[in-house]
Amino acid sequence: PWEEGQSLVGLAFTRQVKGGRPLLKSDLEQTSNAQGSGVITEKMTGMSIPIDNVAGVSPHVSSGERVHVYASFEDETGAHSGLLLQNMPIIGIQREMEGDHPNLVAVTLSLTRDEAVLLTHALHYGKIRLGLAAVKDEGNPGIGDVKFASELMKTKTRWGIKKEEHE
């Protein structure tokens, strides 16, 4: 519909666009979504996390969608994995094009300051993966498994680094 044309001007593409192929709405970075807005209030912060297509979600994820953040970490009792943050709104996407394929580089999430500290610790001492939250997941954003998050915050061992390597 031509009436919508003006609202699409300036949006980034999610794929390499070539002549002779139709332009679809899914080819444009959407700034909002029915799942909720990624507005940052004065008690929130936006935090970008590096990601790639292997360790993350689809390269076609858009601002306004929500993700679950899963983490893994090691301590003296072994390796642990769990749901760190749930239903976190995406407020920004950074992509690079490799030929015709978009490559997801970073995702910016809207977080409280405490959630940002938790995610920073997970990035430093563990590994994270993102999972796209279902549209039907109408749960509130926040910490997923509180017990898991508490255990993660206690770790002082970086993933894959043995004790001998510290000395």
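Colleague: What should I keep in mind about the model?

Modeller: It is a predicted model, where local features need pLDDT of at least 70, side-chain atom pairs count only at pLDDT 80 or more, and totals for chains, interfaces and linings use all residues. Residues are numbered from 1 along each chain as its sequence is written, and side-chain values use heavy atoms, leaving out hydrogens and water.

Colleague: Which residues have the most contacts inside the largest nonpolar core?

Modeller: In soluble globular proteins, nonpolar side chains tend to be buried together. Here the largest nonpolar core has 25 residues. V69, L84, L85, L109, L111 and L119 have the most contacts inside it. A core joins buried Ala, Val, Leu, Ile, Met, Phe, Trp, Tyr and Cys residues through side-chain atoms within 4.5 Å. Buried means under 20% relative accessible area, exposed over 50%, partly exposed in between (1.4 Å probe, protein chains only).

Colleague: What does L119 touch?

Modeller: Leaving aside residues up to four places away in sequence, L119 touches M47, I49, V69, L84, L85, L109, L111 and I128. Contact means heavy atoms within 4.5 Å.

Colleague: What is the phi of N87?

Modeller: Most residues other than glycine have a negative phi. N87 is not a glycine, yet its phi is positive, about 55 degrees. N87 is buried, at 4% relative accessible area.

Colleague: Which residue forms a salt bridge with K154?

Modeller: Side chains of opposite charge can pair when their charged atoms come close. K154 pairs with E151, the closest N and O atoms being 3.2 Å apart. The rule asks for a side-chain nitrogen of Lys or Arg within 4 Å of a carboxyl oxygen of Asp or Glu. K154 is exposed at 56% relative accessibility, while E151 is partly exposed at 33%.
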